[in-house]
Amino acid sequence: MFWIEGGGVCNELGQVYYSLGIRFRCTSGSKRRAFKQFGVFDDDLDFAFEFLRACRTATLCIAVVRDERIERFINKFVLGRYRDIADRVFVYRTPKFTMSRDELLRFSMKVLDEVLAMLALGGTYA
């Protein structure tokens with residue numbers, strides 16, 4: 001499972017990596033859903049929580065995020081509530097907060113190629 005914050009590059013990634021059966025999702029968090037669940041209007045918190053909730057059934061979960069807060073939320077949840085999936089959750093923060101669509105596509109492909117290469121070599125990605 002490969003989640004990208006914002007984006008709009010999922011169609012291109014899906015076409016390139018179609019044969020591998022990887023699920024892509026380009027999304028942003030929902031302030032309304034976060035308010036209902038946590039009592040605060042925070043879309044970053046919602047993104048992190050929804051990503052980890054979806055990871056419960058996946059064998060590998062990769063998130064590409066722009067915001068440092070989302071990275072911190074995911075890591076905090078993994079150390080606490082989602083400790084059982086910590087070995088298969090990976091978070092990558094983009095080098096810049098604002099990236100063009102092409103830059104985000106290249107960065108996402110680089111991350112995915114890196115992870116797949118490590119797994120192909122038989123190693124664990126930790």
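A residue is described as buried when its relative accessible area is under 20%, as exposed when that area is over 50%, and as partly exposed in between, the calculation using a 1.4 Å probe and protein chains only. The structure is a predicted model, in which local features need pLDDT of at least 70 and side-chain atom pairs count only at pLDDT 80 or more, whereas totals for chains, interfaces and linings use all residues. Residues are numbered from 1 along each chain as its sequence is written, and side-chain values rest on heavy atoms, with hydrogens and water left out.

A disulfide is defined here as a pair of cysteine sulfur atoms within 2.5 Å. By this rule, two disulfides were counted. With the bonded cysteines counted along the protein chain, the disulfides follow the pattern 1-2, 3-4.

The link of Cys10 and Cys26 is right-handed, with an angle of 105° about the S-S bond. This pair connects distant parts of the chain, 16 residues apart: Cys10 belongs to helix α1 (residues 10-16) and Cys26 to strand β2 (residues 24-27). Helices (H or I, at least four residues) and strands (E, at least two) are DSSP runs, numbered from the N terminus. Cys10 has a relative accessible area of 14% and is therefore buried. Cys26, at 24% relative accessibility, counts as partly exposed.

A disulfide is also formed by Cys55 and Cys61, whose sulfur atoms lie 2.4 Å apart. Cys55 is buried, its relative accessible area being 0%. Cys61 likewise counts as buried, at 0% relative accessibility.
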